[in-house]
Amino acid sequence: MPIKTEHLHFYQTLGAITRLPAGFEAGLERERLRVEVVRPDILRVRVSRAGRFEEKPSAAVCAQPGSFGATDFTLEETPDTVTVSTGALALHVTRAPFGLKAVRADGSVIFETACDSGRSLAYGELNSRFVITRSCAQEDAFYGLGEKAGVFNRHGRTFTLWNTDIFNGASTDEFTRDLPDAHPRKSVESKEFDPYYISIPFFYHQPGWSPSASGAPMAGFFIDNPWRGEFEFPVSKTYRFEFLGGQYDEYIFSGPGMPAILEAYTALTGRMAAPPLWALGHHQCRWFDYKQADVVDLAKTYRDRKIPCDVVWLDIDYMDGYRVFTWNKVKFPDPAAMIADLRERGLRVITIIDPGVKHESGNPLFEDGLRDRLFCENGVGTPFVGRVWPGQTVFPDFSLPETRAWWGRLNADHVGHGLAGIWNDMNEPATFLGDLDSMRFDHGRAEHGRFHNEYAMLMAMGTVEGLRAAMPNLRTFVLSRAGSAGIQRYAANWMGDNRSSWDLLWLSLPMAMGLGISGQPFVGADIGGFAGHSEGELLSRWYQCAAFTPFFRNHNCSGSMDQYPWSFGSTVEQLCKEAISERYRLMPYLYACFMEASETGAPIQRPLIFEHQDDAAARNLDDQFLLGSHLLVAPVTAEGQTARHLYLPEGTWRDWWTGEAVSGGRHLLVPTPRDRIPVFARGGAVIPLWTGSPQTTQGHFPEEIELRVIVPLEDGETTSIFHEDDGLTFAHQTGAFFRTTFRVARAGTTLRLAATVSGKGFPEFRRKRFRITLPGLPGLPRIAGGGAILDGESFVLPNSGTPFSLEIAL
């Protein structure tokens, strides 16, 4: 529905200013405006409510005040304007009518208030609502907002930020009931339904691309407000957003590059912690009524069929009557023994944990939470009761620190059986009864809207605290269905309940990229689809795509046909196995991508525009992606497809499977045989690979690593990294790692490969040599220096963590 503005009061007059240590404050009619410099490239702009500022409106921002140090700025005042300037940007505030315009040092516009017939639309409010309206052009692009369906560029559409259990009619009815049958959002199974499970009020605005401007700079905007939000990016000369509660509190990022904006945003809201290596492996999950012997048999099947796998997951049927933190002792008489058995086979176990606690006298969790007032309440001071899998259900109030601590202890006890991590589901929060508005937080003092979107993150916060207490030396892994800004600090996200369809395989691509540029790099969709019935071609194509995505899990629903890799016959099994094996071969490259994400916030599965912002052809691409900086992946998303169109940016790209070189900056039609999807490697990259495909990452510290050198056709220099550590503990934080930085430089017919090394090493380190391959060259080149030895069609370079330099004659 369009954002309605006719009854809002729009503020028009700015009063006298008061200088602050980092900016200024001024009267804004009956409220106050506060502008502060956070960093030279970050401004914070706020408007009070009832004259008061909320210093921490949500749990999203984890950076401490002043953590970036003091920033030099100038404050200039005239009768008509107030200007705050840093070396990167300037914010001009007009007094009457009140308006805001931010520009970069080069004069390019970051944003500008919209006006209507001389009336400013900078800030309007009515009761608990507020609306911000800004100028744009019809050709502009908008990106971000987290998990959103539809195409990657958000322009021309409207979005709601309200975490929603999309297959729950009680949750989705308000978003579908008034739409005509032909509307693309009428069905939750469509490619455009909105809203989804994860709401992140952070977006990018890029003016229309211009050849004369060598592309267009981007700006970023994060509204630190957890309430329900609405965003309108229509095809018009304005865009706007509104929130139904809380304060206007916005961080403005000048960019001008998307990587710089994301670095700044994640500097505020935090970054993914380095994950355990096994979490990057293949995961097997199914909602199914397994018994203990079935789980062991499943593990045996994977090993007998020699299909790599690292984790087996258990859905809700492992519990006793769906009571959280319990095991059904008939089905699972000895969970610890089962988990130990799987661990001996190189498989870890993760179980689901929902937030719903069964409303049941004698249930210890219910009695403890009731005694200590740890549950969400209703308007009359008693626990809010919903209905989830156990039946009548109460919900922990994660807005309370004491509830998070209690929940953390419960998780710590639960993993005592030997579990490797925790899976948080139904945490939008979800109930099968549609009366969430009466669920209240903070002992009934806070409205539901204040914490609805944050519920999952606060749950994950408590979960991680518990896991760290139980396993202080091990990296944690939590998977969450829902989330909000900052969720990346605590959990990975999967994209919730999807269906076995080609449309939803396609949808997983822009959705993952939207999450990646919204600060959450550890994402993935259920391989094969969760609901409905998969089939062989769809499953194999999904595996081929997902092998190049951050989270790699096969998951399907109770009542659906089996979709294990072997469920559709030997041909499909072999195709799935090859895709999984390629994933494991790529593990060293993937791990380096994850380490980069943990240090800079850069997405792992990223849109082409992230690396190629000045390329107009990359602006709206959403059916292909980059895995890290150096691999371009173009999945097959249609049944029976034998070729597909793709775009290669400027530079050399080599076919991953054949080594054939292609000059970029052009569109291609590429064959898509059943055994692979198009993948290209960037010229100049060095891709580290395992030389074989182990059945598990557990204990795998190989003596040999392949370095696949992607020889460019043009002169230039490219940097790549290879990171090695124990993959399990926090020892890397104190130097227990090796990081090798490769620089490939071509000048004419000479290619130089140089490597520098940082880190002190780690006890499990076993590497003795690199095997250097140069795919696609017409013959074997000559290599000088470094001690490289020709071995068949590759070169072996003895190396145990030392620098080297090679000169390759092409």
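Aromatic rings of Phe, Tyr and Trp (the six-membered ring of the latter) count as a pair when their centres lie within 6.5 Å, and the pair is stacked if the planes are under 30 degrees apart, edge-to-face if over 60 and tilted otherwise. The views show a predicted model, in which local features require pLDDT of at least 70 and side-chain atom pairs pLDDT 80 or more, whereas totals for chains, interfaces and linings use all residues. Residues are numbered from 1 along each chain as its sequence is written, and side-chain values use heavy atoms, with hydrogens and water left out.

**View A. An aromatic pair between phenylalanine 202 and phenylalanine 253.**
The structure contains 61 aromatic pairs. Strands (E, at least two residues) and helices (H or I, at least four) are DSSP runs numbered from the N terminus.

**View B. The open sheet of six strands, with antiparallel pairing.**
The strand order is E1-E13-E14-E20-E19-E16. Strand E1 (9–10) and E16 form the edges, each pairing on one side only; pairing requires at least two DSSP bridges between two strands. Within the sheet, strand E14 (residues 129–135) and strand E20 (residues 238–243) run antiparallel and are joined by six bridges. Threonine 133 has arginine 240 of E20 as its bridge partner.

**View C. The open sheet of five strands, with mixed pairing.**
The order of this sheet is E42-E43-E47-E50-E49. Its edges are strand E42 (686–690) and strand E49 (789–791), each of which pairs on one side only. Neighbouring strands are turned by 30° against each other on average, direction ignored. E42 pairs with strand E43 (residues 704–709) in the antiparallel sense over five bridges, and valine 686 stands opposite valine 709 of E43.

**View D. Helices H11 and H12 against the sheet.**
Helix H11 (residues 570–585) lies across E42 and E43 and runs at about 115° to E42. Helix H12 (residues 587–600) also packs on the sheet, where it touches E42 and E43, and its direction makes about 120° with that of E42. Contact is taken as heavy atoms within 4.5 Å; axes are fitted to C-alpha atoms, for helices over the stretch in contact, and angles run from 0 to 180 degrees between N-to-C directions.

**View E. The largest pocket.**
The space in this pocket amounts to about 1200 Å³. Its lining comprises 47 residues, and Thr160, Glu174, Phe175, Arg228 and Glu230 lie nearest its centre. Two or more lining residues come from each of strand E16 (157–161), helix H1 (169–176), strand E19 (229–233) and helix H7 (448–451). H1 gives the most, with five residues. By class, 16 lining residues are nonpolar, 12 polar and 19 charged (nonpolar: Ala, Val, Leu, Ile, Met, Phe, Trp, Tyr, Cys and Pro; charged: Asp, Glu, Lys and Arg; polar: the others, Gly among them). On a 1 Å grid over the protein atoms alone, a pocket is an open set of points where a 1.4 Å probe fits, with protein on both sides within 12 Å along at least five of seven lines, and lining residues have an atom within 4 Å of a point. Points are joined across faces, edges and corners, and the volume is the space filled by probe spheres set on them.

**View F. The second largest pocket.**
The volume of this pocket is about 660 Å³. It is lined by 29 residues, with Arg44, Ala63, Gln64, Pro65 and Gly66 the closest to its centre. Strand E4 (31–39) and strand E5 (42–47) each supply at least two lining residues, and E4 gives the most, with three. The lining has 16 nonpolar, six polar and seven charged residues.

**View G. Backbone geometry at proline 256, proline 429 and glutamate 29.**
Most residues other than glycine have a negative phi, and most peptide bonds are trans. Glycine 255 and proline 256 are joined by a cis peptide bond with omega of about 5°; proline 256 is in the loop between E21 and helix H2 (258–269). A cis peptide bond, with omega of about 5°, also joins glutamate 428 and proline 429, the latter in the loop between strand E28 (421–424) and H7. Glutamate 29 has a positive phi, near 50°, and lies in the loop between strand E3 (23–28) and E4.
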